[in-house]
Amino acid sequence: TCVDLVNSFRCECPAGFTGDACETAPSPSPSPITQASAERISEILGAPFDWTFTSPGWGDMQDYISSMSITHDQQVDLVTSVTGPGELIWEWSVSSESFFDFLILFIDNDRVSRISGEVGWVTNNRQIAGSGTHLVRFSYRKDYGVDEGSDRGYLRMVRWVPSPSPSPSPSPSPSPSP
């Protein structure tokens with residue numbers, strides 16, 4: 001509240017407000033994002049994977065994970081492996097500078113999919129051929145310049161569906177001798 005005085009005024013500002021007339025509102029405090037552990041990432045993504053990640057890691061957002069804040073020319077990776085062949089299914093979202101900052105999926109170090117800009121939750125799938133172990137890496141990458149959007153990649157519900165093993169072919173029956 002402000003009180004008029006002779007040729008001036010005096011204000012008593014509510015908690016957090018500042019300025020001669022209490023015109024400056026308090027800044028909202030940012031919501032803290034706690035870094036998710038590998039165990040928590042497995043819980044959130046709902047998959048029995050062993051995940052590893054690069055620093056600063058991925059944030060625990062309760063029902064999805066978020067790349068932690070990074071600066072220009074940096075990236076943060078989330079890596080696991082699957083034994084193939086099979087189908088990888090995932091949901092992802094991104095808030096980034098369009099065409100410059102990306103959330104990318106690599107399989108065996110080949111870029112197979114990416115999103116950029118303001119993209120809500122999208123479900124994707126990818127067939128992975130070949131037996132053996134395949135490296136799966138989700139990477140959020142920033143270019144050298146502009147900050148735009150939340151500058152984060154988001155991921156949830158990653159699933160691996162192995163392809164069924166082919167049934168053995170029945171052996172041919174011997175033909176009766178004439």
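Predicted model: local features only at pLDDT ≥ 70, side-chain atom pairs only at ≥ 80, totals over all residues.
T52 belongs to strand β4, which spans residues 52-53. Apart from neighbours within four places in sequence, the residues in contact with T52 are D77, L78 and V79. The C-alpha atoms of T52 and L78 are 5.9 Å apart, although 26 residues separate the pair in sequence.

L78 also has a place in the largest nonpolar core, which holds 27 residues; L78, F138, L155 and V158 touch the most other members. Two or more residues of this core come from each of α1 (38-45), β7 (75-95), β8 (102-107), β10 (118-141) and β11 (152-162). The largest contribution, 7 residues, is made by β7. In soluble globular proteins, nonpolar side chains tend to be buried together. When residues up to four places away in sequence are not counted, the contacts of L78 include I41, L45, W51, F53 and W58, as well as F138 and L155.

Several backbone features were also noted. Most residues other than glycine have a negative phi, and most peptide bonds are trans. In strand β7, which contains P85, a cis peptide bond links G84 to P85, with omega about 5°. N7, a residue other than glycine, has a positive phi near 55°. N7 is situated in the loop between β1 (2-5) and β2 (8-11) and counts as exposed because its relative accessibility is 81%, over the 50% limit. A positive phi, near 50°, is likewise found at M157. M157 lies in strand β11 and is partly exposed, at 38% relative accessible area.

How values were computed:
Residues numbered from 1 in each chain as written. Heavy atoms only, no water. Helix = DSSP H or I, 4+ residues; strand = E, 2+ residues; numbered from the N terminus. Contact = heavy atoms within 4.5 Å. Core = buried A, V, L, I, M, F, W, Y, C linked by side-chain atoms within 4.5 Å. Buried < 20%, exposed > 50% of the residue type's maximum accessible area, 1.4 Å probe, protein only.
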